[in-house]
Amino acid sequence: MGRVAGKVAIVTGGASGMGKADAVLLAKEGAKVVVADLNVEDGEAVAAAIGEAACFMRLDVSDEDNWRTVIADTLATFGQLDILVNNAGLLTVGSIVDTDLQTWRKTQAVNVEGVFLGCKHAIPAMERSGGGSIVNMSSVAAFQGISFAPAYSASKGAVRSLTKSVAMHCKESGNRIRCNSIHPDGVRTPMVVKVATGRETVTAEELASLDSNANMCNPEDIAMMVLYLASDESGFVNGAEMLIDNCSTITPPIGLT
């Protein structure tokens with residue numbers, strides 16, 4: 001308990017899935033948490049369930065003015081910013097031939113520009129707080145690519161490289177801010193199951209039933225890594241790629257196992 005006590009965090013996409021798990025665990029470990037999301041109803045419910053340690057702020061991560069407002073309101077509410085979890089993202093499906101330009105641009109706007117804007121505007125606020133930790137959610141797709149998700153794969157590759165650029169900037173600036181990326185394989189979240197089933201709604205039983213040969217982890221598994229990277233325990237971890245994939249990126253091709 002208390003691994004991030006006294007710290008203030010913003011978690012994007014905090015209304016559900018991995019973002020919700022991140023927000024809940026960070027608050028449990030002592031942080032004040034801003035649950036940021038476009039989904040007002042579910043985001044407010046997450047913040048209310050956490051209690052006094054959390055508040056909800058509506059955020060479209062692709063909107064720079066919205067980012068400025070959320071950062072300013074976080075400082076006004078809690079007085080500082082120490083942790084940013086750039087978790088919000090889109091998983092869009094379609095081959096390179098089938099993906100239209102509008103889908104491509106929307107995916108990059110959320111998954112790449114959203115992370116860029118978060119880093120850009122969080123760093124000055126963290127500098128005023130004496131340092132901090134930025135955690136960017138990428139994917140194993142940044143290493144391997146996914147044939148049926150080219151826009152998503154490209155966006156997560158961009159997050160991987162952007163993370164390293166931000167980490168180097170912060171190191172060279174001596175501002176005591178670290179930036180790392182997390183690369184999950186499958187995670188039991190509503191977004192992943194919707195893509196897998198092609199349906200808009202999924203049940204809790206369907207989420208629980210997903211195993212996929214033990215490659216499908218729970219949001220809480222990701223949250224534990226977020227907590228580590230957000231805490232002072234990872235003080236010398238900067239620019240790292242944290243794989244949470246149960247060997248999926250090193251599994252030999254079929255026929256060689």
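Me: Is R176 buried or exposed?
Reply: Happy to start here, and do keep in mind that this is a predicted model. R176 is found in the loop between α6 and β6. Its relative accessible area is 68%, and the cut-off for that class is over 50%, so R176 counts as exposed.

Me: What is phi of R176 near?
Reply: R176 is a residue other than glycine, and its phi is positive. G174, which follows α6, also has a positive phi, near 65°. For R176, phi is near 65°.

Me: Where is C247, and is C247 buried, exposed or partly exposed?
Reply: C247 lies in the segment after β9 (241–244). Phi of C247 is positive, near 75°, in a residue other than glycine. Its relative accessibility is 43%, and values between 20% and 50% form the middle class, so C247 is partly exposed.

Me: How far apart are the end C-alpha atoms of helix α6?
Reply: Helix α6 covers residues 150–173, which is 24 residues. At 1.5 Å a residue, the helix should span 34 Å. The model agrees with that, because the end C-alpha atoms are apart by 34 Å.

Me: Which elements do the buried residues of α6 pack against?
Reply: The buried residues of α6 include P150, Y152, K156, V159, T163 and C170. Two of these, V159 and T163, touch N136, and N136 is found in strand β5. The elements that the buried residues of α6 pack against are α4 (101–128), β5 (132–137), α5 (141–144) and β6 (177–184).

Me: Is N136 buried or exposed?
Reply: N136 belongs to strand β5. Leaving out residues up to four places away in sequence, N136 touches N86, V115, C119, V159, T163, C179, N180, S181 and I182. Its relative accessibility is 0%, and the cut-off for this class is under 20%, so N136 counts as buried.

Me: Is E29 buried or exposed?
Reply: E29 is found in the loop between α1 (17–28) and β2 (32–37). Setting aside residues up to four places away in sequence, E29 touches M1, G2, R3, V4, A5 and L227. Its relative accessible area is 8%, under the cut-off of 20%, so E29 is buried.

Me: How far apart in space are E29 and V4?
Reply: V4 is one of the residues that E29 touches. In sequence, E29 and V4 are 25 residues apart. In space, C-alpha to C-alpha, the two are apart by 5.6 Å.

Me: At what angle do α1 and helix α9 pack, and what does that make α1 to α9?
Reply: Helix α9 spans residues 219–230, and its axis is 8 Å from that of α1. The two helices pack at an angle of about 50°. That lies between the cut-offs of 35 and 65 degrees, so α1 is to α9 oblique.

Me: How many nonpolar residues does the contact of α1 with α9 have?
Reply: The crossing of α1 and α9 is right-handed. From α1 the contact uses G17, M18, A21, D22, L25 and L26, and from α9 it uses P219, E220, I222, A223, M224, V226, L227 and A230. By class, 1 of the residues in this contact is polar and 2 are charged, while the number of nonpolar residues is 11.

Me: What percentage of the residues in the protein chain is buried?
Reply: The secondary structure of the protein chain comes to 9 helices and 9 strands. The protein chain has 257 residues, and the buried part is 49%.

Note on methods: Residues numbered from 1 in each chain as written. Predicted model: local features only at pLDDT ≥ 70, side-chain atom pairs only at ≥ 80, totals over all residues. Heavy atoms only, no water. Helix = DSSP H or I, 4+ residues; strand = E, 2+ residues; numbered from the N terminus. Buried < 20%, exposed > 50% of the residue type's maximum accessible area, 1.4 Å probe, protein only. Contact = heavy atoms within 4.5 Å. Axes fitted to C-alpha atoms, helices over the stretch in contact; angles between N-to-C directions. Parallel < 35°, antiparallel > 145°, perpendicular 65-115°, else oblique. Left-handed = near helix turned anticlockwise from the far one by under 90°. Nonpolar A, V, L, I, M, F, W, Y, C, P; charged D, E, K, R; others polar. Expected span 1.5 Å × (residues − 1).
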